[in-house]
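This report describes selected local features of one protein model. Please view the sequence and structure first.

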Amino acid sequence: MAKEHILQDSDLTAPERERVEAALMPEERVLWVGRPSPKGSPWSGVILLIWALIVPGTVVWVFLLNNITPGPDSYLFLAFVLLFTVFPLGSALIRIMKHRLSRYSFYVLTEGRALAFHRSLWGKPVLKSWASEDIIRLEEYSDGSGSLVFEIRVRRTKHGEVEETEGLVDIPNISPVKEMVQPFLQKKEEGAEEEEAPLSPRERLRTSIILSVFVVIGLVLSGTAVYCGVRTVHQVKTYTETEATVIGKEWRTHSTEHGSRREWHTRYQYEVDGHTYQGTLDTSETPKPFKRGASLPILYNPAAPEESIGNQFFELWGVVLIPGVIGLVFLLVGVFALRSHLKGGRSGAKEACQETAEPV
């Protein structure tokens, strides 16, 4: 029988062929058998995993290099560094597990059905089946691979709607499968409305550049936050704590693009080895703790006593938190949006090439 011939010639193992035989109906003819080939390389997951280990490792190395004793401020900085570790670590594990599980997945296409055999994370066999006429669309990519989409679910998140597709996805060579499902696709096209025209190459390039700028901005801000964090940790370790005396304060107005911003400009003085030094502190906080003559905790550089900073949380860690949070948002939005845009552009570019090609 053709069914047995195709199954025997496939690369399925004996247990996998038994799963197919058990799932097929009597006299159901098998047309095609194949395995998925997930996009992306498993090495990208390994690279992300290395990055997730390098970031905390570098921070620990800086702590050990400067003989920093863990304290409240140090723990806050370490907690912030974890934000740059969790994302690449989670992404790396997802990529690695996806490639690992794909080795146990395979597809079967019959005259009337499409079957997807998977294995769950815990090793349990999973079977999904769709009628051939229920196909929604065929996605064909520039490298010759493609997917047969049978289900589309829209998941709402706080950032908008996310489309999740299901079916025979990431087929390495879509051409033979395309010929088999072409009659069903033609019926879909006859009853479907005219789809929106894909973006032109210039529009796709412009969008890619804009999203790449988001990624670059996120990397720059994140790198700035890490640099400022290392510098602040060094200051907390090497600077000496003392009490300064407030000698004056005044409101100062700073002009910005969005109007004016008022800050308290506080002047203070402190003594080191019998010498008096002065410093300033700009803050938008309530002026109550900074009344004239009040005590103000500061940190000064023993090697250069004229250098000092306020020993308040936001004074120390504001330059880390603000660019770090903004950079992380830019980086996440840019990476996910750019990945989605490039993935969607592959099928559009393939269709555009087929439409413009003329037979000789």
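## Basis

The model is predicted, and local features need pLDDT of at least 70, side-chain atom pairs count only at pLDDT 80 or more, and totals for chains, interfaces and linings use all residues. Residues are numbered from 1 along each chain as its sequence is written, and side-chain values use heavy atoms, with hydrogens and water left out.

## Helix 2

Helix 2 spans residues 14-23, and its buried residues are Glu 16, Val 20 and Ala 23. Viewed along the helix axis, these buried residues fall within an arc of 70 degrees, so they line one face of helix 2. The arc is that of the directions from the helix axis to the C-beta atoms. The face turned away from the buried side carries the exposed residues Pro 15, Glu 18 and Ala 22.

Buried means under 20% relative accessible area, exposed over 50%, and partly exposed in between, with a 1.4 Å probe and protein chains only. Helices (H or I, at least four residues) and strands (E, at least two) are DSSP runs numbered from the N terminus.

## The second largest pocket

The second largest pocket has a volume of about 170 Å³. Its lining consists of Arg 231, Thr 232, Gln 235, Ile 309, Phe 314, Glu 315, Leu 316, Gly 318, Val 319 and Ile 322. Helix 6 (201-238) and helix 7 (313-356) are the elements that give two or more residues to this lining. Helix 7 gives the most, with six residues. By class, the lining residues divide into five nonpolar, three polar and two charged.

A pocket is found on a 1 Å grid over the protein atoms alone, as an open set of points where a 1.4 Å probe fits, with protein on both sides within 12 Å along at least five of seven lines; lining residues have an atom within 4 Å of a point. Grid points are joined across faces, edges and corners, and the volume is the space filled by probe spheres set on the points. Ala, Val, Leu, Ile, Met, Phe, Trp, Tyr, Cys and Pro count as nonpolar, Asp, Glu, Lys and Arg as charged, and the others, Gly among them, as polar.

## Aromatic contacts

The whole structure holds six aromatic pairs. In one of them, the ring centres of Tyr 268 and Tyr 270 are 6.2 Å apart and the planes are at 35 degrees, so the pair is tilted. Rings of Phe, Tyr and Trp (its six-membered ring) pair if their centres lie within 6.5 Å; planes under 30 degrees apart count as stacked, over 60 as edge-to-face and the rest as tilted.

Arg 119 lies over the face of Tyr 104, at 4.1 Å from the ring centre. A charge sits over a ring if NZ of Lys or CZ of Arg is within 6 Å of the ring centre and within 35 degrees of the ring normal.

## Two strand residues

Trp 130 lies in strand 4 (residues 125-131) and is buried, with a relative accessible area of 7%. Its C-alpha atom is separated by 9.9 Å from that of Leu 168, 38 residues apart along the chain.

Thr 165 lies in strand 7 (residues 160-171) and is partly exposed, at 34% relative accessible area. The C-alpha atoms of Thr 165 and Phe 150, 15 residues apart along the chain, are separated by 7.5 Å.

## Positive phi in loops

Most residues other than glycine have a negative phi. Glu 27, in the loop between helix 2 and strand 1 (30-34), has a positive phi near 65 degrees and counts as exposed at 71% relative accessibility. Asp 273, in the loop between strand 9 (259-272) and strand 10 (275-283), has a positive phi near 55 degrees and counts as exposed at 75% relative accessibility.
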